Amino acid sequence: MANASDFLIGGNDEHGLNPPTVGKRTPVMPYINRSFYENEFNRPAKIDCLLACLRCGFNVYDVHPEIQDISVSTRVVRANRAGLTLLVTFAYNAFGAGASFNSARGIEVYYSPYNQFSTQSRALSEEVYEKIVQTTDRVGRFVGQLSIGVLTNVNCPSTLIEAGFMTNFEEAKTMVNPIFILQAGEGACQGVCEYLQVPYLTRSLDNFPTLRQGNQGNKVRMLQIYLNQYGYNLSVDGIFGGATLRAVRDFQNDNNLVVDGVVGRNSWRALLNIDVQDNVLRRGSRTSGVWFLQKLLLSYLYPVGSIDGVFGSNTENAVREFQSENNLVADGIVGQNTWNALLNSSGRPYPN
């Protein structure tokens with residue numbers, strides 16, 4: 001087996017979100033009267049993939065850290081200057097004009113036959129395709145050829161994942177589903193590990209080290225990225241300094257943990273939303289589980305307002321609606337029965 005620390009994995013997400021790239025969106029989703037934009041999937045899936053790669057010991061490089069769209073040529077220049085081992089790009093497909101839903105569905109993964117590492121790009125794409133189909137349980141369509149800049153012009157093996165169709169109602173919903181996004185990111189990392197013959201480390205608490213002030217390195221970078229997902233806006237510099245310590249303490253306080261600034265097993269459990277179903281959430285809760293809950297409810301087409309980690313009136317109303325429609329006591333409290341239903345739901349059906 002190779003040593004993961006010898007490799008630099010690049011991550012890229014197609015298009016932008018602030019402002020959203022024109023045209024890269026679903027038809028208007030019923031119940032919530034808004035579209036989901038392609039980068040609402042692409043960006044978090046890329047981040048989950050890079051987090052998984054950090055956990056497995058790789059070095060990582062984000063080719064597109066900005067929220068806004070960046071030209072393909074700029075991304076190619078960045079990738080080539082970084083000296084990447086390989087590049088993984090996340091995207092979401094569409095079929096037809098994009099104004100209405102249709103039956104096209106499934107995962108496609110692409111490589112360029114004109115990349116100087118075309119044989120390696122194909123092998124990488126095949127490994128990534130196999131693993132994402134396995135982790136998401138989504139139908140696989142094919143591994144194909146595509147001649148675009150991030151596949152053709154980068155000086156390394158490169159693959160592009162079309163993880164579903166925005167024009168398929170059921171697959172459109174999963175664009176913002178945190179479970180599916182995580183599965184896609186982890187599946188891509190598994191494919192990278194298989195291609196480079198590096199052991200894949202599962203998302204088990206045993207694979208997350210205890211961190212404290214003074215630590216440095218990629219595991220601290222991983223921590224900082226997780227904290228940023230909850231709105232802490234840290235510089236991802238791999239240094240556990242004062243700003244990271246304050247963010248950790250705030251996170252621990254919000255999640256009813258011992259506020260000691262040390263990121264141990266309980267803090268990681270909350271950061272990763274492992275065993276989220278063990279948490280009882282209600283009006284006033286401000287935990288990591290609320291972020292997860294809000295994203296899940298939105299993917300099921302219940303209006304929750306802002307995804308902000310605050311269990312306010314909008315979130316409570318969405319929970320009550322979900323409970324009522326799923327034969328649960330509509331008390332607005334997310335306990336074991338509600339979690340069981342949430343974690344096994346596919347969301348609201350297309351209205352007749």
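**Entry 1. Terms and model**

I took helices (H or I, at least four residues) and strands (E, at least two) as DSSP runs, numbered from the N terminus. This is a predicted model, in which local features need pLDDT of at least 70 and side-chain atom pairs count only at pLDDT 80 or more, while totals for chains, interfaces and linings use all residues. Residues are numbered from 1 along each chain as its sequence is written, and side-chain values use heavy atoms, with hydrogens and water left out.

**Entry 2. Thr-136**

I looked up Thr-136 and found it in helix 3 (residues 118–136). Thr-136 has a relative accessible area of 11% and therefore counts as buried; buried means under 20% relative accessible area, exposed over 50%, and partly exposed in between (1.4 Å probe, protein chains only). A polar atom of the Thr-136 side chain lies 2.7 Å from the backbone oxygen of Ile-132. I then listed contacts, meaning heavy atoms within 4.5 Å. With neighbours within four places in sequence left aside, Thr-136 touches Ile-107, Phe-180, Gln-183 and Ala-184.

**Entry 3. Nonpolar cores**

I defined a nonpolar core as a set of buried Ala, Val, Leu, Ile, Met, Phe, Trp, Tyr and Cys residues joined through side-chain atoms within 4.5 Å. The largest such core holds 87 residues, and Phe-41, Phe-58 and Trp-268 have the most contacts inside it. Helix 1 (residues 39–55) supplies the largest share of this core, nine residues. A second, separate core has 13 residues, including Val-76, Ala-79, Cys-156 and Leu-160. In soluble globular proteins, nonpolar side chains tend to be buried together.

**Entry 4. Helix 8**

I checked the length of helix 8 (residues 242–254). The expected span is 1.5 Å times one less than the number of residues. For the 13 residues of helix 8 this gives 18 Å, and the end C-alpha atoms are 18 Å apart, which agrees.

Which residues of helix 8 are buried? They are Thr-244, Leu-245, Ala-247, Val-248, Phe-251 and Gln-252. Seen down the axis of helix 8, these buried residues fall within an arc of 165°, so they line one face of the helix; the arc is that of the directions from the helix axis to the C-beta atoms. They pack against helix 7 (218–228), helix 9 (265–272) and helix 10 (288–299). On the other side of helix 8, I noted Arg-246 and Asn-253 as exposed. Asn-256 follows helix 8 and has a positive phi, near 55°.

**Entry 5. Strand 3**

I found that eight of the eight residues of strand 3 (residues 86–93) are buried. Leu-86, Val-88, Phe-90 and Tyr-92 point one way, and Leu-87, Thr-89, Ala-91 and Asn-93 the other way. Two strands pair if DSSP finds at least two bridges between them. Strand 1 (residues 8–13) pairs with strand 3 in the parallel sense over five bridges, with Leu-86 as the bridge partner of Ile-9. Strand 6 (residues 158–165) also pairs with strand 3 in the parallel sense, over six bridges, and there Phe-165 is the bridge partner of Asn-93.

**Entry 6. Backbone exceptions**

Most residues other than glycine have a negative phi, and most peptide bonds are trans. I recorded a cis peptide bond from Asn-18 to Pro-19, with omega near 5°. Gln-197, in the loop between helix 6 (178–196) and helix 7, has a positive phi of about 60°. Is each of these two residues buried or exposed? His-15 is buried because its relative accessible area is 16%, whereas Gln-197, at 54%, counts as exposed.

Methods. Polar contact = N/O pair within 3.5 Å; in protein donor to acceptor, adjacent residues only side chain to side chain.
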